[in-house]
2 protein chains.
Amino acid sequence: MIKLTDTEWKIMELLWDKGPMPTMELIRELKDSMGWAKSTAMTFLGRMTSKGSIAYSLDGKSRKYFANISRDEAELEETRSFLSKIYGGNVGLMISSMLKQEALTKEDIEEIERIIKDGE
Amino acid sequence: MIKLTDTEWKIMELLWDKGPMPTMELIRELKDSMGWAKSTAMTFLGRMTSKGSIAYSLDGKSRKYFANISRDEAELEETRSFLSKIYGGNVGLMISSMLKQEALTKEDIEEIERIIKDGE
DNA sequence: ACGCAGGGTTTACATTTGTAGACCTATCTG
DNA sequence: CAGATAGGTCTACAAATGTAAACCCTGCGT
């Protein structure tokens with residue numbers, strides 16, 4: 001039930017994509033992608049560690065941070081909470097709303113069709 | 001681009017469902033559904049009015065509040081921002097993830113199939 | 001005249017989120 | 001040695017969010 005804010009999600013993605021990362025590398029990435037000061041990055045790392053969404057192992061004197069929840073888990077949780085907030089938990093309603101709103105491209109539709117048909 | 005918090009969404013739903021509502025009725029509903037004190041309800045009404053998500057018309061000396069953005073609009077916005085945050089904006093990816101995670105019931109799948117086929 | 005309900009405003013306060021400066025130690029390197 | 005870099009901690013601060021008490025006026029019923 002860990003709630004991730006948009007910003008936290010970005011950090012999670014870094015860690016999901018680029019595995020366990022030493023502090024400095026994370027700081028560099030976050031400076032590049034978010035324009036963050038070192039201390040801002042450290043603050044987030046600290047807070048997220050307390051909340052349990054990430055963790056680290058010690059590598060000598062310094063740390064290697066890694067995601068402490070799987071992407072699948074997190075995605076599912078976000079998806080569930082989104083669907084329940086907006087569409088009463090009903091995916092079908094979401095698709096149907098998007099169709100009505102013309103929020104789906106022909107490609108989206110074909111893709112969904114294919115995925116459903118192939119069960120993949 | 002109005003961002004609605006989970007709590008604000010509940011108020012929007014009240015207004016979408018039960019049309020323009022006089023202040024006292026809203027306060028009663030919110031006390032029932034959220035356990036709110038009158039002042040809490042008033043605070044939210046005030047803030048949401050400033051932000052433009054709701055509005056009111058004067059009915060004599062008192063107000064009738066109504067949703068100032070359509071449900072369709074709001075749903076679409078939330079859906080877009082959710083999809084872009086979690087699935088890089090790709091609905092197909094969402095469906096496919098949910099399938100893999102077995103987060104879709106047989107009924108969900110059949111419903112999606114039907115919706116897509118009927119374009120409805 | 002008095003108190004209660006309707007309808008509001010103003011103020012307050014804790015928590016979370018986003019952001020960062022100041023400062024400390026250990027180490028490496030010219 | 002002196003200064004840069006790595007790796008951290010601690011403190012601070014504004015804005016947003018969730019929550020509510022206090023207080024005000026106006027009618028209405030008794």
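Mentor: Start with a definition: a residue is near a molecule or strand if its C-beta atom, placed from the backbone, lies within 6 Å of it. This is a predicted model, where local features need pLDDT of at least 70, side-chain atom pairs count only at pLDDT 80 or more, and totals for chains, interfaces and linings use all residues. Residues are numbered from 1 along each chain as its sequence is written, while chains are lettered from A and ligands numbered from 1 in the order in which they are written.

Now DNA strand D. There are 20 residues around DNA strand D. A:T23, A:M24, A:S62, A:R63 and B:S39 come nearest. Chain A gives two or more residues from each of α2 (23-34), α3 (38-51) and β3 (62-67). Helices (H or I, at least four residues) and strands (E, at least two) are DSSP runs, numbered from the N terminus.

Next, the classes. The surface near DNA strand D has 6 nonpolar, 10 polar and 4 charged residues. Ala, Val, Leu, Ile, Met, Phe, Trp, Tyr, Cys and Pro count as nonpolar, Asp, Glu, Lys and Arg as charged, and the others, Gly among them, as polar.

How do the chains relate?

Finally, DNA strand C. Around DNA strand C lie 20 residues, with A:T5, A:S39, B:T23, B:M24 and B:R63 the closest.
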